[in-house]
Amino acid sequence: MSFFNPLEPVIRSKQEALDVQDLQGSWQIDFKIGNWHVFSGIYTRVDQAFLIWGITTTAIFTTAQFFPISWNAQAIFWSLLTIAATAGMMATTWFWAKVERAVWVILWWAILMVLGLGFTHFSIFQGWGQGLLHLCHVWLGLSALGYLGTGLGLRSRAFLIAGILHLASIVLLPQVGGWQFLTTGTVMGGSLLFFAQVQWDMRSPITYAQLSSEQRAFNQRQQQIRQGILREES
């Protein structure tokens with residue numbers, strides 16, 4: 001049996017027939033200007049976590065690149081944003097993670113972020129030059145570990161590829177000179193915002209012990225719709 005789900009493409013457009021754990025707390029956005037349909041989409045709790053982290057990461061590294069703010073002030077700023085984003089991630093994805101038996105993935109990311117904060121604070125407040133020179137390397141490496149762990153936990157090729165991309169970006173950092181923070185923010189923030197807009201692959205559906213029999217039946221029907229066995233209006 002294949003470790004990955006061979007029926008799932010690595011990346012595709014978002015599916016509309018969502019399961020219970022995806023629908024709970026989701027945002028349905030339908031933006032129009034007059035009769036002009038500008039944008040329509042649905043953002044699950046996981047998508048929302050990607051958006052939170054994508055915006056946070058972009059803000060942090062853009063600030064570091066372009067604004068002449070002291071390292072101490074930036075450390076406090078980074079910490080507050082990272083803690084808020086971590087709490088937001090855990091709050092928005094907890095139900096989904098419990099249903100999908102992936103709570104450890106959420107905790108894994110939280111641990112990595114705490115480690116990153118610890119490294120950043122030590123480097124700044126202790127005046128550790130080598131640490132400051134390698135902040136981008138460390139954060140890209142931690143993100144790579146997060147994606148690789150997520151890819152293995154959810155059996156997702158998309159997240160494994162993202163992890164490899166982040167590792168490759170570390171190798172390329174010396175080539176961008178003084179633009180390391182912008183490069184890091186682009187890779188990290190861009191990847192997160194990208195995942196919020198697409199449907200990524202993961203393992204085949206499991207038996208959802210956290211759901212009621214009615215909810216499991218609903219999920220089964222949604223799966224059949226996605227596979228084309230049932231029509232959505234039937």
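**Entry 1: the overall layout**

What pattern does the chain follow, read along the sequence? I opened the predicted model to find out. Reading along the sequence, I get β-α-β-β-α-α-α-α-α-α-α-β-α. My tally of the secondary structure comes to nine helices and four strands. Along the principal axes, the C-alpha atoms fill a box of roughly 65 × 50 × 30 Å.

**Entry 2: helix α3**

I then turned to α3, residues 71-99. How far apart are its end C-alpha atoms? I find 41 Å, and this agrees with the 42 Å that 29 residues should span at 1.5 Å a residue. I also noted a kink of about 55° in α3, with its centre on Thr93. Just after α3 comes Arg101, and I wrote down its positive phi of about 55°.

**Entry 3: α2 against α3**

My next stop was helix α2, residues 45-66, which packs with α3. Their axes are 8 Å apart, at an angle of about 170°. Angles over 145 degrees count as roughly antiparallel, so that is how I describe α2 and α3 relative to each other. Sorting the residues of this contact by class, I have 13 nonpolar, nine polar and one charged.

**Entry 4: α4 against α6**

Last, I checked α4 (residues 103-125) and α6 (residues 135-153). Their axes come within 10 Å and cross at roughly 170°, so I call this pair roughly antiparallel too. Which residues make the contact? From α4 I listed several, among them Trp104, Trp108, Trp109, Leu112 and Phe119. On the α6 side the list includes Leu135, Val138, Trp139, Leu142 and Tyr147. Glycines also take part, including Gly116 of α4 and Gly146, Gly149 and Gly153 of α6. By class, I have 15 nonpolar and eight polar residues here, with no charged ones.

Key. Residues numbered from 1 in each chain as written. Predicted model: local features only at pLDDT ≥ 70, side-chain atom pairs only at ≥ 80, totals over all residues. Heavy atoms only, no water. Axes fitted to C-alpha atoms, helices over the stretch in contact; angles between N-to-C directions. Helix = DSSP H or I, 4+ residues; strand = E, 2+ residues; numbered from the N terminus. Parallel < 35°, antiparallel > 145°, perpendicular 65-115°, else oblique. Contact = heavy atoms within 4.5 Å. Nonpolar A, V, L, I, M, F, W, Y, C, P; charged D, E, K, R; others polar. Expected span 1.5 Å × (residues − 1). Bend = angle between axes of the 7 residues up to and from the residue.
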